[in-house]
Amino acid sequence: MSEQRSLVRGLGRLEATNLIVGGIIGTSIFLITSEIAATVGSPVLVLVTWLTAGLLAGAAALCFAELSAAMPHTGGTYVFLKRAYGSELVAFGFAWMMCFAYGAGAIAVVAIMAATFLAPVLQAIGIVRGEYIASTAVALILALTLVNARGIRHGGVAQNIITFLKVGLIVALMSAPVLLADPSLERLGFPGADSGDTGSAIRNVGTALIVCLFAYNGAYFVTHVAEEIREPQKNIPRAIIVGFLVVLTVYLTINTIYVTVMPFEEIVASDRIAADLMGRVLGPSGYLATSAIVFVSAVGVLNAQLLNYPRIPFALAKDGLFFESISVVNEKTRTPAAAILLVGILSSLFAMSGSYALILSYVAFVIHLFISLAVMAVIVLRIREPDLPRPYKVWGYPFTPVAFLLVSVVYLGNLAMTKPVNVLVGVLIVVGGLPFYLFWQKRAQTDHPLS
């Protein structure tokens, strides 16, 4: 590929960090604490669950920091899997699933959530009457697809603006109950059901971790755009570490406010805990303010997804294992514009069809399996390639990756036992890419017989 058609390093450390923060903090923190509270049975255990999940997800994030610093190439996880396991097929399975199932489905879900929370705000100010959730979601996807297709700097600037706005609004929102309500540490003493039984408490926290870990998903986003980050060996690990610490701080602070302001029984009963908290403090305007902030938060995730997910099929196509047109770098924008448009269109179709939630339930097992394989790649490569230059090495090795992998085994085993049909369908989605892999592999060998 000629120099003028190569990707450009248009992202600095700030953009990389905001890709982590903006990509992780989405809608979960505003919704799922009630489910966690109902599972664990006490305010203290709610905080323990969020902290434990954060530490485990942080362990995985540090592993991705080591891998990306050692292999700062476009495609991130796809590259790590191929290098560690010496198998194009394993890496292809991940990329196929991301392009045609998990990635497009996740973008559709976030867009639908954004549109859902935007609707009451637009209605309140009289812009629209009625709800146009699917069409609004598609409009959001296509708008951010075009932003990111115009250039990596456009996507990076958009991520900076949305992330700063998101964090600022969250701080402002959560200041209200601290200043206007009556937060009390005494509420942490609410005993809850069976919380005196240490064994039950540990099991309950373990169950709640399955839900909570998803709220921390996204630390690997920055690895997919490694070739478009300046000084990636230094900036990617620092972005992951700093960004994840910001996320952990925000999550723990918000949950501390939840459990010290609201009675525990109200937390358990709440479907939208952040909105109910702000409604309690500010009245009806609190609900609208929360909806607006959750919308901004979701848009931040949406932009991060559209900035990084298309780089996976782009990397696949560069290896000759996907449509050749997807490997093209646009001469004017210096982006993988065709790959970005492909992912944007697929995501829009998912949003319009309403199939996104079903697809995500099918591939929950396989996406976590691939992430676990990527974390295990740290151990594999330490053994197989001890001399591989590693500008950053994960703290606490080997305990850091092992801790995440042990929890992953429990999580994957639980899914296999409780949702075997979904797991089977997810596996079949990945296996369904095998004929295409064989076709593209044969074609690549024919085009480059000596490679």
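A salt bridge here is a side-chain nitrogen of Lys or Arg within 4 Å of a carboxyl oxygen of Asp or Glu. With that in hand, look at Glu66, Arg382 and Arg390: salt bridges link them into a network. Keep in mind that this is a predicted model. By the rule above, the count is seven salt bridges.

Next, find glutamate 385, which pairs with arginine 83, their closest N and O atoms sitting 2.9 Å apart. Glutamate 385 is in the loop between helix H15 (356-384) and helix H16 (399-418) while arginine 83 belongs to helix H4, so this pair ties together parts that are 302 residues apart in sequence. Arginine 83 is partly exposed, at a relative accessible area of 33%.

Now move to glutamate 228 and arginine 311, another salt bridge, with 2.8 Å between the closest N and O atoms. This pair also links distant parts of the chain, 83 residues apart: glutamate 228 is in the loop between H8 and helix H9 (232-261), and arginine 311 is in helix H13 (residues 311-318). Both partners, glutamate 228 and arginine 311, are buried.

Lysine 234 and glutamate 231 form a salt bridge too, at 3.0 Å from N to O. Lysine 234 is partly exposed at 39% relative accessibility, and glutamate 231 is partly exposed at 48%.

And the confidence? Mean pLDDT for the chain is 90, with 95% of residues at 70 or more. Helix H4 has the highest mean, 96, and helix H8 (residues 198-212) the lowest, 83. Over residues 190-195, pLDDT stays under 50.

Note on methods
Residues numbered from 1 in each chain as written. Predicted model: local features only at pLDDT ≥ 70, side-chain atom pairs only at ≥ 80, totals over all residues. Heavy atoms only, no water. pLDDT = per-residue confidence, 0-100. Helix = DSSP H or I, 4+ residues; strand = E, 2+ residues; numbered from the N terminus. Contact = heavy atoms within 4.5 Å. Buried < 20%, exposed > 50% of the residue type's maximum accessible area, 1.4 Å probe, protein only.
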